[in-house]
Amino acid sequence: MSGHDFDLAVIGSGPAGLAAAALAASRGLSTVLLDEQPEAGGQIYRAITETPVRDRHVLGPDYWHGAELLGPLRDSGAAHWPGTTVWSVARPREDGADGGRTLQIGLSRNGTAAMLTVRHVLMATGALERPFPIPGWTLPGVLGAGAAQILLKSSGLVPSGRTVLAGTGPLLWLLAWQYLRAGAALDAILDTTPRGNWRAALPLLPAFLRSPYLGKGAKLLLEVRRKVKVIDGVTDLRAEGEGKLSAIVYRQGDGAEQRLAADTLLLHQGVVPNLNLANATGCAQNWDETQRCWRPTTDDWGATSVEGVSLAGDGAGIGGALAAEHAGRVAALDVLHRLGRIDRAERDRAAVPHREALERALRGRAFLDTLYRPADIFRAPADDTIVCRCEEVTAGAVREAVRLGCSGPNQAKSFLRCGMGPCQGRLCGPTVTEVIAAERGVSPAEVGYYRLRPPVKPITLAELAALPKSAADIAAVDKH
Amino acid sequence: MASPTPAPSMSIWKPDVIVIGGGLHGCSAALHLSMRGVRVLVLEKDHVARHASGVNAGGVRQLGRDVAEVPLTVASMALWHRIGELVDDDCGFESHGQLKVAENEAELAGLEARAAALRALGFHHEEVIGQAELRDLVPAIAGHCVGALVSRGDGAAIPFRTTFAFRRKAIALGARFEEGAGVARVVRVGDVWSVETTGGDRHEAPILVNCAGAWADRIAAQLGEPAPLEVIAPMLMITARVPPFIKPVVGASGRTLSFKQFPNGTVLIGGGLLGRAVRDENRTELDFSQVSVNARTVWDLFPVMRGATIVRSWAGIEARMPDQIPVIGPSGTQPGVFHAFGFSAHGFQLGPIVGRITADLITRGGTDLPIQPFHIGRFAA
C-alpha cells in the first residue's frame, strides 16, 4: 500500500470546493471531495440537485449557476464522499512510508470514524452567519436568515404566521426576495444598517458601480421595497415572548420603542469565515478590520501557515460564491504545482484567467463590507444579552471576567465556559472577541480568538472507541 | 548612588521575592508569601494559568499517590476543604470521593496491598471496597468490576478558576503580576538575583522561586543544576451534556483513566495518555490513536456512555520528572533559590500546600513536612 489514500482532499463542496476538486482531479491528482451534506453545493447551492423548489424564478439564476459546477466534478474523476464529517486535520506522528509528508484527516461517515491519509488538504469550509446577539434571540421562533434559507432550498419551506426579517447585509434582501417569489408574506423588514455607514462607504462606490452586484442588487432591493414595509435605521432590537416569540420591540433612530407582534423573526448581519477547522489545524489567522472578522492567513494561492494545507473561498475571507469558485481553481493550481504535477511557470500561466475572473468578482466587495458593517451595539451587545448560547453566558459576565483580569477569549473560555459547548464557539466567538476588545478599549486583533480543538464537529464515543480504522475500512465505507 | 528617575510606583516598590511562572504553584507561592507580608513579583511568560494549571482535569486527589507525596497530599487536602477561607472563592471544589476500580481479583489484591502499605505508614484515607459498595457509589459502573480503592475526602475543582482565585487573592494582598514577561536571563549580582525578561525589563530580588513548569529546566540550567524534565501533553476530552449519573471521580487500576461528570452534565475523560507537546510554540498536538484508547476504556467501564458525544479534546503542557515526583525545595547549588515544578501531571491537588511550603522555607527557613525526597539534588551528576 502506498503511504497515502489520496493526493488531495478537498473539504467542503460549495463553489470553491467543487471547482477546486474538479480542476485538480481533471489534471491527474487523485482527489477526494469530502462534505457533510448529503449532496454537493455547500450552503449557497444547497440541495442544488434535489431541491423541491423547481420554479427557477424563486431561488434565482445565481443559485442555479451552481448546477454548472457539478458536471465538471463528475467528469473529473474526483471521488465524492457526501455525508462525511471532517473532525480533525493533523500531521501524523510518522511521515509516509515513501518518505513524503502527509496529513491525516479524522472523519466520520455512516456512523463510523476513520483516519484518511493525504498529501494535501484544501479547505473550502465557507462562511457562517455572524452571530446577532439581541435580548431574546434564544427564543423559539427566532432564527438566522441563513438557516431559514436552507429550509427553503432543501425543503421548500417558508415560515407561516407573522414573519419579520431584521438586520443588514445582502443575504437579508436576497432571502426577502426569494420568499416573495415563493409566495410567502413578510410583515416587515427592520433594517439595522447604521445610517453613518453610507458616508464611510461612499468613497468605495466607484468600484461597486463597475461590479456585477450592482444591477442585480438594485433590482432585487427595489422589488422588495415595493412589496414589503421596510423600517430603516433600527438602533435597538429585542425579541419577547413566553416560551416562544410573540413580539419584537425596536427603536428607529433615537425614537420611542415600537412593538410588532410576530411569530417568526429571522436575523442576519452578514457572514464571517467558518475558520474552525483551519484554526484547530493550527493555521495562523489575522483580524480583518474591514470585514470585522478573523480570517485564516493565506498567500495569493490560498496556502496557509501550515504546510500542506490551503484554503479557498469564503472560509479564507468573505468574497461571495463567484469569487470562491475562481479562488478554488487558483488554489488547486498551486496544489498541482506543490505536488509536482506542473511547474511554476505553468501554474502561473494557467492561473491568469482565473485571477482575472476573481478580481472581477471581488470588485465592489469593499463597498458592501463597509455599507453593511453591523452596528457596534449588535456586535457587542448590552450586559443582559446572552452571547454564548450553549453555556448561557451573558455579555455582562464576559465584561466582568475582563475586569477580573481575563484579557482574551481563551481566558474567558476557561473562566466562564463560553465557547465550550457543542458549537465550539461558532455562535459566540466573534461576539466574545468584540465584547472583550471593546471593554479593554483595544482592537480585536490584540485580544485574539479561541484556540479551537478537534474534534471540530462532535463525534460519538463509540466512533472514537472504534478507531483506528485502516485505509481498507475507509474504502469499504466508501462503497456503501 | 546616582540613578535615572524611575516611574514613581517603581521607585517605592521593590520585590522581596520573584516567582517565575504564573501557574497554580507560582500563584500559590505568591499568595502564601503575600499573606506573610512578603512583597512578591510573579513573572509569567504568557498569561496566568495558560498551560497545565488552566486546562488539567481538575482532580483533587490523594488516592494512589507515591508514598513520598502522601504527607503533602494529606496536608493539602485539609486546605482544599477550606479553600474558600484561603482564596475567597470555592474554586468549584466538590468532594464526592475518588475511586480506582479493579476489573478482576488480581487487581483488587493489588489495591488491598496498597491500602495495607499506607496503613502501615499511619495513613487511613485509602480504603478497599467490595462490589456492593462500588455499585452504591457508582451505579453506572460495568458489571465486571469487582471492587475499588476509595479516598472519600477527594474530589474535583475547576482548574482555571482555582488558579485565577489564587492570583486574585495574592494581588489583593499586595503581590504583583507581570504577564507576557518571559525570563530571558537570571544572574546573581552581589547578593540579589537579577532577572531579565524577554521584553528587556530587569527585576531584582534577593529570593527567586522557580515555578516555571514545563520550562523550569531552562531556569535551573542557568543556576547550574540539571533538571531532566520531560515535556508532556496529557490529553483530555469532554462530552456534550448527559443526565447526571455519577458523583465521584473514577480511575482504573489496570489502565489509565480519569473520569468525572461536572454539575452541568458534561463528562470529562482523561487519564494521562499523551499527545505531542511543542513547548517553544506553546502548542500541543492530539494523537487520536491514543484518544481512542481512552474512549475504549470508557466504553468498557461505563456502558451508559456509549452513545455520548465528544465535543472537544485538548492537551496542556506539563513537566514530568524521570521518577514521577516533583522537585520541591531549595536549590542545590545557589543561595536564595527555591524550586517547585515537575509535578508530573498530578500537581493540581498539591497547589495549596506547596505554596505554603515554599513560603515556610523562605520566611522560616524550614518546613514541618518531609520534602527531602523532592530535592533537586537527586538529579545532580
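In which sense do strand β22 of chain A and β20(B) pair, and over how many bridges? The pairing is antiparallel, over 2 bridges, with β22(A) covering residues 459-460. A:Thr460 stands opposite B:Thr309 in β20(B). Keep in mind that this is a predicted model.

Now the wider interface. Contacts between the chains take in 30 residues of chain B and 27 residues of chain A. On the chain B side, four elements each supply at least two residues: α8 (159-172), β19 (283-285), α10 (288-301) and β20 (309-315). Which of them gives the most? That is α10(B), with 8 residues. By class, the side of chain B that touches chain A has 15 nonpolar, 7 polar and 8 charged residues.

Next, the domains. Start with chain B. Domain 1 is built from 15-55, 160-228 and 322-379. Domain 2 takes 98-152 and 234-315. Their centres, taken over C-alpha atoms, are separated by 31 Å. The contact uses 5 residues from domain 1 of chain B and 5 residues from domain 2 of chain B.

Chain A is divided into three pieces: domain 1 (6-128 + 272-342), domain 2 (131-269) and domain 3 (378-447). How far apart do the C-alpha centres of domain 2 and domain 3 of chain A lie? They lie 25 Å apart. Domain 2 of chain A puts 8 residues into that contact, and domain 3 of chain A puts in 11. The domain 2 side holds 5 nonpolar and 3 polar residues, and no charged ones.

Let's look at a sheet in chain A. It is open, has 5 strands, and runs in the order β8-β15-β9-β10-β11. The pairing is parallel. Which strands are at the edges? β8 (142-144) and β11 (230-231) of chain A, each pairing on one side only. At the β11 end, β10(A), residues 188-191, pairs with β11(A) over 2 bridges.

α6(A) lies across β9 (163-168), β10 and β15 (264-269) of chain A. Its angle to β9(A) is about 155°.

α6(A), residues 170-181, also packs on α5(A), residues 145-155. The angle is about 35°, and the axes are 10 Å apart. The crossing is left-handed. From α5(A) come A:Ala145, A:Gly146, A:Ala148, A:Gln149 and A:Leu152. They meet A:Leu171, A:Leu172, A:Leu175 and A:Gln178 of α6(A). The class count is 6 nonpolar, 3 polar and no charged residues.

One more helix pair in chain A. α1(A), residues 15-26, packs on α11(A), residues 321-338, at an angle of about 35°. Here the axes are 7 Å apart. Left- or right-handed crossing? Right-handed. On α1(A), the contact residues include A:Gly17, A:Ala20 and A:Ala24. On α11(A), they include A:Ala324, A:Gly328, A:Ala331 and A:Val335. By class, this contact has 13 nonpolar, 2 polar and 2 charged residues.

To recap the two helix pairs: α5(A) and α6(A) cross left-handed, whereas α1(A) and α11(A) cross right-handed. Over to you for comments.

Conventions. Residues numbered from 1 in each chain as written. Chains lettered and ligands numbered in written order. Predicted model: local features only at pLDDT ≥ 70, side-chain atom pairs only at ≥ 80, totals over all residues. Axes fitted to C-alpha atoms, helices over the stretch in contact; angles between N-to-C directions. Left-handed = near helix turned anticlockwise from the far one by under 90°. Contact = placed C-beta atoms within 7 Å. Nonpolar A, V, L, I, M, F, W, Y, C, P; charged D, E, K, R; others polar. Pairing = 2+ DSSP bridges. Domains from an automatic or database assignment.
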